[in-house]
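Subject: Structure handover and notes

Hello,

Please find the structure below. My notes on it follow directly after.

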Amino acid sequence: MRIFLSVVLSLSPALCLAATESRVLQAGATRLRVDVVDVDDPARLRMLQRWIEEVAEAATTQSGRFPLHQAYVRIQQTDSNDPSPVPWGQTRRGGEVGVLLYVRRDASYEQLSADWTAVHELSHLFHPYLGDSGRWLAEGLASYYQNVSRARAGMLDEDEAWRRLDAGFRRGEAASSSVRLDAMGRGRGGTMRVYWAGAAYWLEADLALRRDSGTTLDALLDRYAQCCLRGGDSVTPQDFVAALDEVAANDTFSALYRRYAAMRAFPSVADAYAQLGISRKGDGLVFADNVKTRRLREAIMAPRRQSSSIRWEAPASSPSRP
Ligand SMILES: [Zn+2]
């Protein structure tokens, strides 16, 4: 269910009464408040803080800042039967912008680190609210970066990240729906097409920028975050891609947008795979071993060896009741 929940919902009253441990992560001039709700065990609290620090670092922009000047992550433990360590996540945009993560009470650090949900949700902070017609763009961006950012952070093997992207594309291809992509609702049948056609859009845009403009999706999202992004804003998908084009000084995003939004079938990833030296073989992938395609794959997925750009702003405060 977690993939359906990037919507504005209100907190339950019970949640608001819980004891909350708040600390702030700082990246340059940007701040991410980390609220952990109702965790009495200090070791578990530290583990959850360490995990979210690593997730937050993975979801920084290219220049090492958070996409928003100010946002929060709220971690709430849950006794879900869902096998996922993070059964539920959602992005909230009413008032202060933030991400809610519901973590299984027995989830270990290793299980949490191996899960994609938190990086997916934090990647939603790279874009404003895009409405129902832009849902595929929003979910596509988060689905693309849940693999790319984790591979770069060393949370996911590089080749495995390509395989997971491909597995998403295959799920999207298998979805039976002939509705225009920008008119797809929230029904189960079309969800995989919405998420992974959206991810294909961002992959194709990234490749076009690298090939034709000597820039990258990372660089443009970073510049967009600095000039234009306000996470609580509602922006039409057309205006969002136009703003990215303005930053890029070309029309890559809008041209691709017009093509994708009108699609009634899953986009072909054949051209993208040819550029990347990736081919499908059975359920798996084969990676071409030539310098040009390997360098392109590495430019997108290879682990980054830069020093940490984030730090905790203040020592742990005593539990408070907000
Ligand atoms: Zn999402």
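Predicted model: local features only at pLDDT ≥ 70, side-chain atom pairs only at ≥ 80, totals over all residues.

To begin inside the chain: leaving out residues up to four places away in sequence, Ala199 is in contact with Gly140, Ser143, Tyr144, Leu165 and Gly168. Ala199 is part of helix 7. It is buried, because 26 other C-beta atoms lie within 10 Å, and the cut-off for that class is 20 or more.

Domains

The chain is split into domain 1 (2-126) and domain 2 (135-301). Their C-alpha centres are 24 Å apart. Domain 1 puts 23 residues into the contact, and domain 2 puts in 22 residues. On the domain 1 side, the elements that supply two or more residues are helix 2 (42-58) and helix 4 (117-123). Sorted by class, that side of domain 1 consists of twelve nonpolar, eight polar and three charged residues.

Nonpolar core

The largest nonpolar core contains 85 residues, and Val55, Leu101 and Ala197 have the most contacts inside it. Helix 7 (residues 188-213) is the element that gives the most to this core, with 13 residues. Where does the core lie relative to the domains? It lies between domain 1 (2-126) and domain 2 (135-301), because both give residues to it. As background, nonpolar side chains in soluble globular proteins tend to be buried together.

Leu101 touches Val73, Ile75, Val86, Gly89, Ala118 and Glu121, again not counting residues up to four places away in sequence.

Helix 2 has 17 residues and spans 24 Å from its first C-alpha to its last, close to the 24 Å expected at 1.5 Å a residue. Its buried residues are Leu48, Trp51, Ile52, Glu54, Val55, Ala56 and Ala58. Val55 is also among the core residues with the most contacts.

In helix 10 (residues 252-261), the buried residues are Thr252, Phe253, Tyr257 and Tyr260. They are on the same side of helix 10, because they cover an arc of only 120 degrees around the axis.

Positive phi values

Two residues other than glycine may be worth a look when you check the backbone. Asp38 has a phi near 55 degrees, a positive value. It sits in the loop between strand 2 (30-37) and helix 2, and counts as partly exposed, with 15 C-beta neighbours inside 10 Å. Ala249 has a phi near 60 degrees, also positive. Its place is the loop between helix 9 (237-248) and helix 10. Is Ala249 buried or exposed? It counts as exposed, because it has 10 C-beta neighbours inside 10 Å, where the limit for that class is 12 or fewer. For reference, most residues other than glycine have a negative phi.

Other positions

Asp233 is in the loop between helix 8 (217-227) and helix 9. It is partly exposed, with 15 other C-beta atoms within 10 Å. Apart from neighbours within four places in sequence, Asp233 is in contact with Pro128 and Tyr129.

Arg294 belongs to helix 12 (residues 291-301). It is partly exposed, with 15 other C-beta atoms within 10 Å. Not counting residues up to four places away in sequence, Arg294 touches Gly277 and Asp289. From C-alpha to C-alpha, Arg294 and Gln275 are 9.8 Å apart in space, and they are 19 residues apart in sequence.

Ala167 is in helix 6 (residues 158-174). This residue is partly exposed too, with 15 other C-beta atoms within 10 Å. The C-alpha atoms of Ala167 and Arg294 are separated by 20 Å, and the two residues are 127 apart along the chain.

Regards

Methods
Residues numbered from 1 in each chain as written. Helix = DSSP H or I, 4+ residues; strand = E, 2+ residues; numbered from the N terminus. Arc of directions from axis to C-beta. Domains from an automatic or database assignment. Contact = placed C-beta atoms within 7 Å. Nonpolar A, V, L, I, M, F, W, Y, C, P; charged D, E, K, R; others polar. Core = buried A, V, L, I, M, F, W, Y, C linked by C-beta atoms within 7 Å. Expected span 1.5 Å × (residues − 1).
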